[in-house]
Amino acid sequence: MKVSFPYMGSAIVYKKLFEFLEHEVIMPPKPTQRTMDLGVKYSPEFACIPLKMVMGTYLEAIEKGAKVLVTSGGHGPCRAGFYGDTHRNILKSLGYDDVELIIFDAPQDNWRAFFRNVQKIRNGVPWHKVINRMYTLYRFVQKLDELEKMVQKIRPYEINKGQTTQVWNQIQEKFDKIKTRKELYRVYEECKQMLLSIPTRKVEEKDRIRVGIVGEIYVVMESSINFGIEEILGNLGVEVERSLYLFEWINDNLVPWILRPKRFKEIIKKGQRYIKILIGGHAVETVGHIIDFKERGFDGIVHLMPFACLPELVTQSLIPKISKEVDIPILSLPIDEQTGKANMLTRIEAFIDLLKNRKKGKTKEVFIDNVQEHVEEERVVMV
């Protein structure tokens with residue numbers, strides 16, 4: 001089958017999944033302005049930006065010959081649960097009756113449907129090979145995420161600007177060529193040394209600024225939609241850590257609850273201090289991670305959300321209260337197709353200045369006046 005998928009984060013992981021299942025993979029192009037324009041043109045106006053960008057990605061993948069599109073679903077009271085069917089209806093209305101959209105909902109919601117989809121994409125590969133290759137992919141994701149976390153700790157202190165990003169691009173190219181588990185471990189060690197050999201300047205622990213990024217999964221993980229915020233912060237001398245990495249998402253969502261990592265359960269418990277019930281999306285996790293980042297000594301939080309995202313709107317409404325109670329500055333950035341990079345950059349720079357001043361003891365504020373005004377204005381618009 002000619003298979004493609006939405007672009008989100010390190011897309012080589014999804015490519016590797018379908019290569020291991022012996023499909024002909026149609027690699028979707030990294031989202032661009034054209035992707036956005038296509039998505040906006042054919043999506044409902046009120047839909048949030050992940051639906052539109054994924055719609056554009058599907059259309060570009062179909063242009064390249066994709067006949068099967070594989071994606072994940074959603075559950076709980078969040079519109080994301082309807083997006084798969086919405087995409088399917090739009091494709092049908094555009095005349096793509098020969099394109100199949102396979103939606104993987106959470107296995108605990110419907111094990112039979114999940115298994116039927118697995119059978120479809122298994123592509124006749126014997127089960128023992130599937131299990132062996134999926135384990136290799138599991139370790140592939142783990143090692144790639146470990147290296148990405150190293151990138152985010154090294155980039156702020158690199159002497160030659162842009163070198164860490166260049167090395168990271170080379171690492172992804174090397175991982176793209178991996179075929180076996182043995183090769184994976186060898187390439188991982190090689191890439192680790194590549195990162196450790198990057199010249200960096202020494203910065204005292206007390207002078208380091210650490211920021212956690214939380215929010216809705218698509219805008220947090222897809223750099224083309226969040227303007228490469230991790231690189232922006234890194235270039236401003238800030239260490240970054242996301243609340244979501246693919247390896248952790250797999251452990252948190254595809255593993256039965258009783259076997260899930262203790263860390264995930266603790267995050268949920270921390271989030272439920274402010275949101276008692278699951279309201280869809282990643283709202284409870286977002287709040288839990290804010291508290292967790294504070295407890296781990298981070299200096300600030302950047303909260304990313306698609307404009308009008310219902311679960312993250314709830315989170316955003318709680319942010320002033322959380323920020324003051326746990327004493328950590330939080331910058332909330334709604335993103336849609338109208339969002340401009342210059343405006344976003346200005347707000348991030350002002351936010352980092354605030355964090356630096358707090359670090360030096362020059363202020364105890366958790367909000368910058370003009371940043372707070374922007375947040376209030378956006379909240380009024382959204383209401």
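**Cut-offs at work: salt bridges, burial and a domain interface**

Modeller: Phe227 counts as partly exposed, at 23% relative accessibility. The model is predicted, with local features needing pLDDT of at least 70 and side-chain atom pairs pLDDT 80 or more, while totals for chains, interfaces and linings use all residues. Residues are numbered from 1 along each chain as its sequence is written, and side-chain values use heavy atoms, with hydrogens and water left out.

Biologist: What makes Phe227 partly exposed?

Modeller: Buried means under 20% relative accessible area, exposed means over 50%, and partly exposed is what lies in between (1.4 Å probe, protein chains only). Phe227 has 23%, so that value falls in the in-between class. Phe227 sits in the loop between helix H9 (217-221) and helix H10 (229-235); helices here are DSSP runs of H or I with at least four residues, strands are runs of E with at least two, and both are numbered from the N terminus. Phe227 also has a positive phi of about 60° although it is not a glycine.

Biologist: Over to charges. How do you know that Lys16 and Glu19 form a salt bridge?

Modeller: The rule asks for a side-chain nitrogen of Lys or Arg within 4 Å of a carboxyl oxygen of Asp or Glu. Lys16 and Glu19 come out at 3.2 Å, N to O, so the pair passes the rule. Lys16 and Glu19 are three residues apart in helix H1 (residues 12-20), which means about one helical turn between them. Lys16 is buried at 1% relative accessibility, whereas Glu19 is partly exposed at 27%. The structure holds 30 salt bridges.

Biologist: Why is Lys270 called buried?

Modeller: Lys270 has 16% relative accessibility, so it goes in as buried. Lys270 pairs with Glu295 in a salt bridge, with the closest N and O atoms 2.8 Å apart. That pair links distant parts of the chain: Glu295 belongs to helix H13 (residues 283-295) and Lys270 to helix H12 (residues 262-271), 25 residues apart.

Biologist: Lys269 is in helix H12 as well. Is Lys269 buried or exposed?

Modeller: Exposed, at 64% relative accessibility. Lys269 and Glu205 are 64 residues apart in sequence and 30 Å apart in space, C-alpha to C-alpha.

Biologist: What makes Arg210 buried?

Modeller: A relative accessible area of 19% puts Arg210 in the buried class. Arg210 is in strand S5 (residues 209-215), and its side chain meets that of Glu205 in a salt bridge at 2.8 Å, N to O. Lys153, Glu205, Arg208, Arg210 and Glu239 are linked in a network of salt bridges.

Biologist: Why is the Arg210 and Glu205 pair also called a polar contact?

Modeller: A polar contact is a pair of N or O atoms within 3.5 Å; within protein, one must be able to donate a hydrogen and the other to accept it, and residues adjacent in sequence count only if both atoms are side-chain atoms. The two side chains make theirs at 2.8 Å.

Biologist: Which residues does Arg210 touch?

Modeller: With contact meaning heavy atoms within 4.5 Å, Arg210 touches Glu205, Glu239, Phe298, Asp299 and Gly300, leaving out residues up to four places away in sequence.

Biologist: How much area is buried between domain 2 and domain 3?

Modeller: Buried area is the accessible area (1.4 Å probe) that two parts lose on being put together, summed over both. Here it is about 1,600 Å², with carbon and sulfur atoms giving 49%. Tyr138, Gln152 and Tyr157 supply 31% of what domain 2 buries against domain 3, more than any other three residues. In contacts, 17 residues of domain 2 meet 17 residues of domain 3.

Biologist: How many salt bridges are there between domain 2 and domain 3?

Modeller: Three. Arg242 forms a salt bridge with Glu148, the closest N and O atoms being 3.1 Å apart.
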